[in-house]
Amino acid sequence: MEVFCIATKSNDLLTNEQIKESHVLVIGPNGEQLGVKGIKDALTIANYAGLDLVLINPNANPAVCKIMDYNKFKYEKAKKQKEAKKKQQANIVELKEYRLSPDIDIGDFNTKLRNASKYLEKGHKVKLSIRFKGRQMLHTDRGIDVMTRFANEVNSIATIEQQAKLDGRNMTMILAPIKEK
């Protein structure tokens, strides 16, 4: 016996007249088994209850159908998937990069500090980077001073995850928010 799938989407289940089985095992709306019935009898029972007959497992012998409100089922399934996706995205920690300069002015420093603090309070990580140009490479200690000053300013809301390290002409440091208990 072949099952022809007329469903519009690949994950949709067959309902009511779309079911081409001759005999099905019917499960009632409250989860009780109503036994093996002919497809016409099962459709009559579903119509009498004002619900849909949904093919749950076409591979079983006989195929398993459940009497339920299919639109409500689809709605709740979509709602669960949306909630799961929202929880999954809540666990994702973003990394925002702030570029500093070894001879950064106090106004620019405070602006970047304020923006990074807001980002850290949201629970995301911050990457500080300094690119040394030309003769600035002789004074990498200034870059370390700027980064440690930045880290000290946000030490109430963040910890240093990766200390300042020099990689070629770039120096980077990663700050992570303090986990709340």
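Leaving aside neighbours within four places in sequence, Ser117 is in contact with Val154 and Ile157, where contact means heavy atoms within 4.5 Å. Ser117 is found in helix H3; helices (H or I, at least four residues) and strands (E, at least two) are DSSP runs, numbered from the N terminus. Ser117 counts as buried because its relative accessibility is 15%; buried means under 20% relative accessible area, exposed over 50%, and partly exposed in between, with a 1.4 Å probe and protein chains only. The model is predicted: local features need pLDDT of at least 70, side-chain atom pairs count only at pLDDT 80 or more, and totals for chains, interfaces and linings use all residues. Residues are numbered from 1 along each chain as its sequence is written, and side-chain values use heavy atoms, with hydrogens and water left out.

Helix H3 also takes part in a helix pair. Two packed helices are described by the angle between their axes and the distance between the axes. The axes of H3 (residues 106–121) and H4 (residues 140–153) come within 11 Å of each other and cross at roughly 45 degrees. Here axes are lines fitted to C-alpha atoms, for helices over the stretch in contact, and angles run from 0 to 180 degrees between N-to-C directions. The H3 and H4 crossing is right-handed; a crossing is left-handed if the near helix is turned anticlockwise from the far one by less than a right angle, and right-handed if clockwise.

On the H3 side, the contact is made by Phe109, Lys112, Leu113 and Ala116, and on the H4 side by Val146, Arg149, Phe150 and Glu153. The residues of this contact divide into 5 nonpolar, no polar and 3 charged. In that division Ala, Val, Leu, Ile, Met, Phe, Trp, Tyr, Cys and Pro count as nonpolar, Asp, Glu, Lys and Arg as charged, and the others, Gly among them, as polar.

Ile104 belongs with this helix pair. Ile104 is found in the loop between strand S5 (95–100) and H3. With neighbours within four places in sequence left aside, Ile104 is in contact with Phe109, Lys112, Val146 and Arg149. Ile104 has a relative accessible area of 17% and is therefore buried. Ile104 and Pro177 are 73 residues apart in sequence, and their C-alpha atoms are 24 Å apart in space.

Strand S8 (residues 170–177) holds Thr172. Thr172 counts as buried, at 16% relative accessibility. Not counting residues up to four places away in sequence, Thr172 touches Lys127, Leu128, Ser129, Met147, Gln162, Gln163, Ala164 and Lys165.

The next part of the description concerns helix H1. The buried residues of H1 (residues 39–49) are Ile39, Ala42, Leu43 and Ala46. Seen down the axis of H1, these residues fall within an arc of 100 degrees, so they line one face of the helix; the arc is that of the directions from the helix axis to the C-beta atoms. Lys40, Thr44 and Tyr48 are exposed on the other side of H1. The buried residues of H1 pack against strands S1 (23–27), S2 (33–38), S3 (52–57) and S4 (63–68). Just after H1, Gly50 takes a positive phi of about 75 degrees.

Glu21 lies in the segment before S1 and is buried, with a relative accessible area of 11%. Glu21 and Ile39 are 18 residues apart in sequence and 6.8 Å apart in space, C-alpha to C-alpha. Pro58, in the loop between S3 and S4, is in contact with Glu21 and Ala63, leaving aside neighbours within four places in sequence. Pro58 is partly exposed, with a relative accessible area of 33%.

Glu32 lies in the loop between S1 and S2. Glu32 is partly exposed, with a relative accessible area of 33%. Leaving aside neighbours within four places in sequence, Glu32 is in contact with Val26 and Ile27. The C-alpha atoms of Glu32 and Phe109 are separated by 68 Å, and the two residues are 77 residues apart along the chain.
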